[in-house]
Amino acid sequence: MAGPLAQFQIKPIIPFDFAGYDLSFTNSSLWMALAVLSTTVLMMFTMRKKALVPGRWQNVGEILYEFISNMVSDTIGNQGRRYFPFVFSIFMIVLMGNLLGMVPYSFTFTSHIIVTGALALIVFLGATMIGIFKHGFHFLTLFVPKGLPIFIIPLVFVIEIISYLSRPVSLSVRLFANMMAGHTMLKIFAGFCVSLGAFVGILPMFVNVALVGFEILVAFIQAYVFAILTCVYLKDAIELH
Amino acid sequence: MTNNHDLKARIAAAKARQNDGDDTDTGTDGRAQIDGKAFGSAMRVGIELVSAIAIGTFVGYWIDQWLNTPPFAMIVFFFLGFAAGFLNLYKAQTKNYHKTGLGELTDTPKNGQKGSKEID
């Protein structure tokens, strides 16, 4: 029987080596491509009729759109409209990654810190660059809260810088740790079913049923948290004070 | 047998206690409902503290390597990281932190909008 961590193994499907770098098309890449494909198909399929009164499928697409649209305008404000496509893409790739990971025999690419770390770095570096281009040197006032005595500013500045640098870490580790812990736990309880035999082995199965439901909840919550933190970071970079 | 009775009495007491509590937390069927926003907020704060400590310690270690002064910078930046972690927690629970800053701690609340629990 495979161990509970065997599900996270990266397996090359199409081996490819370029200038000493391993650029193979792996099972991780496959499910990332499927996530992008399923997002595109979902949005195009649900919006194919463009009816004034939405049907059931069109409602799905409109709910997704309005959910992120409201999140962006509530958090960033009117200036944030232009970042809607970015936030929507981030939300959908994380959500699809989490949900496709719930399909049996699939691969959860959001359970790898290299994937979530790359996503978090895109958000972090993007927001920082937007802030610097928009405000120039003035961007540093983000690290000086209002109403401070002048002699305490250097100390608070250092603390704020550390707090700012911890953003991509907490953003990536939260998603990765939740997905990896959840999927490991599913496998462990499934393993109990086998090792406890036919009669007692039923009991961990019920736990597993509850855990699958919980994991689907976590999949949505984590995508929501990732998207809303993207909005918060963008807002900080755009507005400063 | 007595054990069973005891458990039933405790369940009944717990149910009564839950119904006595504020009704906003319980749905129409009396069971606790999961509030998505609150749950998301709870998921946020746990890692915020730890990540800031990790970053602070790492920055201190890096400065030690650079200036060849181990272990002083690492110790100092460990505590600064701790401070940054609590700052993260404060930010996560405060709306418009960058508009109001730390001044909100001493200012009088305006229209009772201070310290909203919603995540922003």
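In chain A, 32% of the 241 residues are buried. The model is predicted. Chain A holds 7 helices and 4 strands. Along the sequence, their pattern is β-β-β-β-α-α-α-α-α-α-α. The C-alpha atoms of chain A occupy a box of roughly 70 × 50 × 45 Å along the principal axes. Of the contacts in chain A with a separation of 6 or more, 63% link residues 24 or more positions apart.

Chain B has 120 residues, and 18% of them are buried. Its secondary structure consists of 4 helices and 0 strands. The order along the sequence is α-α-α-α. In chain B, 52% of the contacts between residues at least 6 apart in sequence join residues at least 24 apart.

Helix α7 of chain A covers residues 202-239. At 1.5 Å a residue, its 38 residues should span 56 Å. The end C-alpha atoms of α7(A) are 55 Å apart, which agrees with that expectation. L240(A) follows α7(A) and has a positive phi, near 55 degrees.

Helix α2 of chain A (residues 56-75) packs against α7(A), their axes coming within 9 Å. The two axes cross at roughly 30 degrees. Angles under 35 degrees count as roughly parallel, so α2(A) and α7(A) are roughly parallel to each other. Their crossing is right-handed. From α2(A), the contact involves I68(A), M71(A), V72(A) and T75(A). These meet A227(A), I228(A), C231(A), V232(A) and K235(A) in α7(A). By class, this contact has 7 nonpolar, 1 polar and 1 charged residues.

On the α4(A) side, the residues are I113(A), T116(A), G117(A), A120(A), L121(A), V123(A) and F124(A). They meet R167(A), P168(A), L171(A), S172(A), L175(A) and F176(A) in α5(A). The contact of α4(A) with α5(A) has 9 nonpolar, 3 polar and 1 charged residues.

Helix α1 of chain A (residues 27-46) contains F45(A). F45(A) has 13 C-beta neighbours inside 10 Å and therefore counts as partly exposed. The C-alpha atom of F45(A) is 8.7 Å from that of G61(A). These two residues are 16 residues apart along the chain.

Several loop residues have backbone features of note. A19(A) lies in the loop between β2 (17-18) and β3 (21-22) of chain A. Its phi is near 50 degrees, a positive value in a residue other than glycine. A19(A) has 5 other C-beta atoms within 10 Å, so this residue is exposed. K50(A) sits in the loop between α1 and α2 of chain A. Phi of K50(A) is positive and near 50 degrees, and this residue is not glycine. K50(A) is exposed because 7 other C-beta atoms lie within 10 Å, where 12 or fewer count as exposed.

In chain B, P71(B) falls in the loop between α2 (36-67) and α3 (72-93). A cis peptide bond joins P70(B) to P71(B). Its omega is about 5 degrees.

Definitions and conventions. Residues numbered from 1 in each chain as written. Chains lettered and ligands numbered in written order. Predicted model: local features only at pLDDT ≥ 70, side-chain atom pairs only at ≥ 80, totals over all residues. Helix = DSSP H or I, 4+ residues; strand = E, 2+ residues; numbered from the N terminus. Expected span 1.5 Å × (residues − 1). Buried ≥ 20, exposed ≤ 12 C-beta atoms within 10 Å, placed from the backbone. Axes fitted to C-alpha atoms, helices over the stretch in contact; angles between N-to-C directions. Parallel < 35°, antiparallel > 145°, perpendicular 65-115°, else oblique. Left-handed = near helix turned anticlockwise from the far one by under 90°. Contact = placed C-beta atoms within 7 Å. Nonpolar A, V, L, I, M, F, W, Y, C, P; charged D, E, K, R; others polar.
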